[in-house]
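Welcome! Please take a moment to look over the sequence and the 3D view, and then we will walk through them together.

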Amino acid sequence: MSTTGKVIRCKAAIVWKPGGSFSIEEVEVAPPKAKEVRIKMVATALCGTEMKMLKDKNLQHQHYPIIMGHEGAGIVESVGEGVSTVKAGDKVIALFLPQCGECTSCLNSADNFCIKLKQAETHLMSDGTSRFTCKGKPVYHFGNTSTFSEYTVMDEISVAKIDAAAPLEKVFLVSCGFSTGYGGAINTAKVTPGSTCAVFGLGGVGLSVIMGCKAAGATRIIAVDINKDKFEKAKEVGATECINPQDYEKPIQEVLFDLTGDGVDFSFEVIGNPETVAAALASCRESHGVCVIIGLIIGVQLNISGHLFFSGRSLKGSVYGGWKGRDGASKLVSDYMAKKINLDALITHSLNLDKINEAVELMKTGKWQVTHTIFMSEYLGPREMVCGGGGGQGSHGWRSHIQAAEGSFRNLQKISFPYAFCFITTL
């Protein structure tokens, strides 16, 4: 029986209040309005951004109850009036970064920061209302997507049509994590052949950065993390060597200078910690080193010695790896289908949707090496939650005791890197 134009009842993971855990609830999902698309989610990720939202007081807001989730893929169930780029039955990638095609950023070939991204700050659709209801109350949206619902409604400009043969349980990674890391190396840093790179943080996004550095022709890729269990996977995807700051008494930037002679050409902070940003920048070559911030840093101030900039170093930000939302997602899925990129290595765990709070704890412990699958279905067929190593736009919350003093930082021996990706798939 067709559901077009009708309210759909389904399951969703809701956070009811700041600091709360996920609660599996039955929600009502309204039909899409003009220029909107309703999607049956097939695969989504418990990414690091959600982990920070659950934990970090600087990121908490007053928009509750809320359905989180900003990384996923699914199948179009129905479309609203005026939608022309997708139709019912199309496989699509959900995008937190829209591509309206009309703003100055979208029209600039070197820019990807679509102005419509700011719509996410309202946690509502563009008409100022929600498409979700639970227990008679409207529920807020998240990141233009809200993928932690079996069905969701999104603006057409946040939906990318992909190859009909693409396996959604794999390619949904281009929705955020893989694209953010891989593109951070390829597009933002513009890693050069023969260069030396350092990657701080070996979760899924960090691993994706390593893949990007390798694809760009870097000859030396130094992976940095205090969890040695992640080193094997890092080397598998392209790291040439791995170091643990706890093995050294020197500050990590001094260690990297000792290893390389004069610092690295490119460094990547894939954690979201202001102190490790400073250390990553200090690890760069003084003459031309580039440091890219990939980890999510919001609500805090960076404390970086100006002495570091009395040189040729540069510090850059990156959103979605520099890809334009819809164009980038479609291209990366095509690259996966052509076997140009490997997403499979980023998936390592599975749990069912009802275990999402257990997945949160799993991510906190950093246990992401074992693979297992549990099936469940009431609405959409067998479901599994898959956890991989890494967390979105820097979710990882390394805790450090670095202190700045004219460009010199104390060691990173006490950094903690507890989180990993968790992917939820409905198959």
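A salt bridge here is a side-chain nitrogen of Lys or Arg within 4 Å of a carboxyl oxygen of Asp or Glu. This is a predicted model, in which local features need pLDDT of at least 70 and side-chain atom pairs count only at pLDDT 80 or more, while totals for chains, interfaces and linings use all residues. Residues are numbered from 1 along each chain as its sequence is written, and side-chain values use heavy atoms, leaving out hydrogens and water.

Let us begin with the charged pairs. Side chains of opposite charge can pair when their charged atoms come close. How many salt bridges does a search of the whole structure find? The search finds 17. In one of them, Lys87 meets Asp90, at 3.1 Å from N to O. To describe their surroundings, we call a residue buried under 20% relative accessible area, exposed over 50%, and partly exposed in between (1.4 Å probe, protein chains only). Asp90 is buried, at 8%, whereas Lys87 is partly exposed, at 48%.

Another salt bridge joins Lys331 and Asp335, whose closest N and O atoms are 2.6 Å apart. Both sit in helix H9 (residues 325–337), four residues apart, so about one helical turn separates them. Helices (H or I, at least four residues) and strands (E, at least two) are DSSP runs, numbered from the N terminus. Lys331 is partly exposed at 41% relative accessibility, and Asp335 is buried at 11%. Elsewhere, Lys355 and Glu358 form a salt bridge at 3.7 Å, N to O; Lys355 is partly exposed at 31%, and Glu358 is partly exposed at 45%. Salt bridges with shared partners also join Lys33, Glu36, Asp127 and Arg131 into one network.

Now turn to a sheet. Six strands form an open, parallel sheet in the order S13-S12-S11-S14-S15-S16. Two strands count as paired if DSSP finds at least two bridges between them. S13 (241–243) and S16 (314–317) are at the edges with a single partner strand each, so one side of each has no neighbour in the sheet. On average, neighbouring strands of this sheet are turned by 20° against each other, direction ignored. Axes are lines fitted to C-alpha atoms, for helices over the stretch in contact, and angles run from 0 to 180 degrees between N-to-C directions. S15 (residues 290–293) is joined to S16 by four bridges, and Ile293 has Gly317 in S16 as its bridge partner.

Which strands does helix H4 touch? H4 (residues 177–189) packs on the sheet, touching S14 (266–269), S15 and S16, and its direction makes about 135° with that of S14. Contact means heavy atoms within 4.5 Å. Helix H8 (residues 274–282) lies across S11 (196–200), S14, S15 and S16, at about 175° to S14.

Our last stop is the aromatic rings. Rings of Phe, Tyr and Trp (its six-membered ring) pair if their centres lie within 6.5 Å; planes under 30 degrees apart count as stacked, over 60 as edge-to-face and the rest as tilted. The whole structure holds three such pairs. One of them is Phe22 with Phe148, edge-to-face, with 5.6 Å between centres and 70° between planes. Phe22 lies in strand S2 (residues 22–29) and Phe148 in the loop between S8 (137–139) and S9 (151–155), so the pair ties together parts 126 residues apart in sequence. Both Phe22 and Phe148 are buried.
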